[in-house]
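Please look through the sequence and the model shown here before reading on.

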Amino acid sequence: MRSQLSGKQVLRSARSGQTAPALDEVDARIVEELTKDARLSVRSLAERVNISRTNAHTRLERLLREGVITGFHARVSPDAIGLRTAAFIGLTIEQDTWRELSRRLAAIDSVEHVALVAGEFDILVQVRTEDNRSLRSLVFDQIQSLPGVRSCHTWLIFDEFPAG
């Protein structure tokens, strides 16, 4: 369950008056460069942002410590590892169960993302499985049977287009 923001989005958010760590243009550029390629060495990062290695290292450590950067992740092709079916699942739940349901949903292997949302549904879940049969089993046997789930609506994802 990850969210990818660009350095420009991070800087815009910090300037909009929201409670957030103070980020300057250099911090935003560091975030932007790491969003493009998280495998950058500190030396390469410093060169791209046009600051010293010491400054890049210090700023990177601060961005990690303050929770602006929450980690570094590999992007894996779902098809390459046999996860060819993806879906969004909208759940209507009993209102006092969202904390426990969110925790249980996040613990299911096939679940990629869980979000508490406003609107027609209470929770939106993104899942990825091997095939439609596995998806059906996931929905009926694992998700719909969770205590607190009132109803479930599934949207099959036909194709995905990476942002940015």
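## The sheet and its surroundings

Strands β2 and β3 form a hairpin with six residues between them, and Gly 119 in the turn has a positive phi of about 130 degrees. This is a predicted model, in which local features need pLDDT of at least 70 and side-chain atom pairs count only at pLDDT 80 or more, while totals for chains, interfaces and linings use all residues. Residues are numbered from 1 along each chain as its sequence is written, and side-chain values use heavy atoms, with hydrogens and water left out.

Helices (H or I, at least four residues) and strands (E, at least two) are DSSP runs, numbered from the N terminus. Strand β2 covers residues 111-116 and β3 covers residues 123-129, and the two pair in the antiparallel sense over five bridges; two strands pair if DSSP finds at least two bridges between them.

| Residue | Opposite it in β3 |
|---|---|
| Leu 116 | Ile 123 |

Taken as a whole, the open sheet has four strands in the order β2-β3-β1-β4, with antiparallel pairing. Because β2 and β4 (149-157) stand at the edges, each with a single partner strand, one side of each is left without a neighbour in the sheet. Helix α5 (residues 98-106) packs on this sheet and touches β1 (85-93), β2, β3 and β4, where contact means heavy atoms within 4.5 Å.

The largest nonpolar core has 19 residues, and those with the most contacts inside it include Ile 89, Leu 105 and Ile 123. Such a core is a set of buried Ala, Val, Leu, Ile, Met, Phe, Trp, Tyr and Cys residues joined through side-chain atoms within 4.5 Å. At least two residues of this core come from each of β1, α5, β2, β3, α6 (132-143) and β4. Apart from it lies another core, of 14 residues, among them Val 31, Leu 34, Leu 60 and Leu 63.

Is the loop residue Thr 97 buried or exposed? Thr 97, in the loop between β1 and α5, is buried, with a relative accessible area of 15%, since buried means under 20% relative accessible area, exposed over 50% and partly exposed in between (1.4 Å probe, protein chains only). By contrast, Asn 50, in the loop between α3 (42-49) and α4 (53-65), counts as exposed at 67% relative accessibility. Although Asn 50 is not a glycine, it has a positive phi of about 65 degrees.

Technical notes:
Axes are lines fitted to C-alpha atoms, for helices over the stretch in contact, and angles run from 0 to 180 degrees between N-to-C directions.
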